[in-house]
Structures are given as structure tokens and as C-alpha cells.
Amino acid sequence: MAGHILLAVLNGLLIGLSRSLNGRLGMAVGPMRASWWNHLVGFAFLSAALAVTGGWQLHSAVEAPPTAWLGGLFGALFVAANSLVMPRLGTLRTAVLVICGQMVTGLAVDWLVAGKTPGWTQFAGITLILLGTFSARRAGHRNGK
């Protein structure tokens with residue numbers, strides 16, 4: 001379990017770095033092109049990794065439910081939207097708002113799909129993230145930023 005937790009934290013660090021880099025690329029080439037380049041480089045990396053590890057198993061991909069394929073569409077839209085908003089909102093604000101959206105989605109999926117009733121602490125966490133983002137924005141305006 002500790003290894004999975006560490007991997008999740010590392011993933012969060014990589015996502016934060018990726019957002020910043022894609023935002024810079026989005027400023028240079030536009031958000032849709034930044035997303036295209038992001039996914040092209042990712043495709044090349046994953047293709048090489050699968051070739052090296054022998055992980056090409058197309059039969060398992062065909063067996064996935066049709067809705068599972070929407071993850072790729074949502075991922076591409078996420079990268080494009082992030083490349084657009086990150087340079088305008090800043091890295092911290094964008095990251096916090098994205099995390100808030102992820103928390104809302106996680107709560108909804110756990111509740112509606114897995115049948116886990118959300119507690120007040122989950123709602124409080126989402127509310128605190130939104131309040132923190134609002135407070136940081138107001139503080140930035142007072143400081144002339």
C-alpha cells in the first residue's frame with residue numbers, strides 16, 4: 001500500500017510539472033497544438049515502452065467497454081484546456097481548481113457508481129479548496145497582481 005501511495009504522490013508531482021510545461025507550450029503554439037504535441041510525444045514514449053516490455057495485447061483492448069475509450073478523449077481535452085487556462089490563471093490556481101474538479105468527480109463516481117455515500121468531510125474538503133482559491137485570488141488583487 002505504501003508503494004501505491006508514493007506512486008500516487010509522484011504522479012501528482014509529474015502532473016503539476018506537466019501542466020506547467022504544457023502551459024508554456026500552449027503559449028508558444030496554441031492550446032490545441034500543445035495538446036497534439038503532448039499526445040504525440042506520449043504516444044511515442046508509450047509505444048517504445050510497450051515494444052520493450054512486450055506489452056502489446058490488442059485483444060484486451062478490444063474487450064474494454066465502449067465507454068472506457070472516452071478516457072482518451074477526455075485526456076486530450078484536459079491537456080488542451082489546461083494549456084489554455086494555466087498561463088492565464090497561473091500554475092497554482094489552475095492546479096487547485098483542477099484538483100477541486102477531480103474531487104467533485106471522484107465523489108460523484110464513488111456515490112453514483114460504487115454506492116459510497118459521501119460524508120460531510122468530503123464536501124468540506126471541496127469547499128475549503130474553493131475558499132482557498134478565492135482567498136488567494138483576492139490576496140493577489142490586493143497586492144496589485
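Analyst: The crossing of α4 and α5 is right-handed, meaning that the near helix is turned clockwise from the far one by less than a right angle. This is a predicted model, in which local features need pLDDT of at least 70 and side-chain atom pairs count only at pLDDT 80 or more, while totals for chains, interfaces and linings use all residues. Residues are numbered from 1 along each chain as its sequence is written, and side-chain values use heavy atoms, with hydrogens and water left out.

User: Which residues make the contact of α4 and α5?

Analyst: From α4 they are Phe78, Asn82, Val85, Met86 and Leu89, and from α5 they are Thr91, Arg93, Thr94, Leu97 and Val98. Contact here means heavy atoms within 4.5 Å. By class, this contact of α4 with α5 has 6 nonpolar, 3 polar and 1 charged residues.

User: At what angle do the axes of α4 and α5 cross?

Analyst: They cross at roughly 135° and come within 7 Å. The two helices are therefore oblique to each other; angles under 35 degrees count as roughly parallel, over 145 as roughly antiparallel, 65 to 115 as roughly perpendicular and the rest as oblique.

User: Asn82 was in that list. Is Asn82 buried or exposed?

Analyst: Asn82, which lies in helix α4, counts as buried because its relative accessibility is 3%. Buried means under 20% relative accessible area, with a 1.4 Å probe and protein chains only.

User: What is Asn82 in contact with, beyond its neighbours within four places in sequence?

Analyst: Asn82 is in contact with Arg19, Pro87 and Thr94. Arg19 is itself one of the buried residues of α1.

User: Let us turn to α1, then. Which other residues of α1 are buried?

Analyst: Besides Arg19, they are Ser20, Asn22, Gly23 and Gly26. What covers the buried residues of α1 includes α2, α4 and α5.

User: How far does α1 reach?

Analyst: Helix α1 has 28 residues and reaches 40 Å from its first C-alpha to its last, close to the 40 Å expected at 1.5 Å a residue. The expected span is 1.5 Å times one less than the number of residues. After α1 comes Gly30, whose phi is positive, near 100°.

User: And how does α1 pack with α2?

Analyst: Helix α1 (residues 2–29) and helix α2 (residues 31–53) pack at an angle of about 130°, with their axes 7 Å apart. That makes α1 oblique to α2. The contact is made by Ser18, Asn22, Leu25, Gly26 and Val29 of α1 together with Pro31, Arg33, Ala34, Trp37 and Asn38 of α2.

Note on methods. Axes are lines fitted to C-alpha atoms, for helices over the stretch in contact, and angles run from 0 to 180 degrees between N-to-C directions. Helices (H or I, at least four residues) and strands (E, at least two) are DSSP runs, numbered from the N terminus. Buried means under 20% relative accessible area, exposed over 50%, partly exposed in between (1.4 Å probe, protein chains only). Ala, Val, Leu, Ile, Met, Phe, Trp, Tyr, Cys and Pro count as nonpolar, Asp, Glu, Lys and Arg as charged, and the others, Gly among them, as polar.
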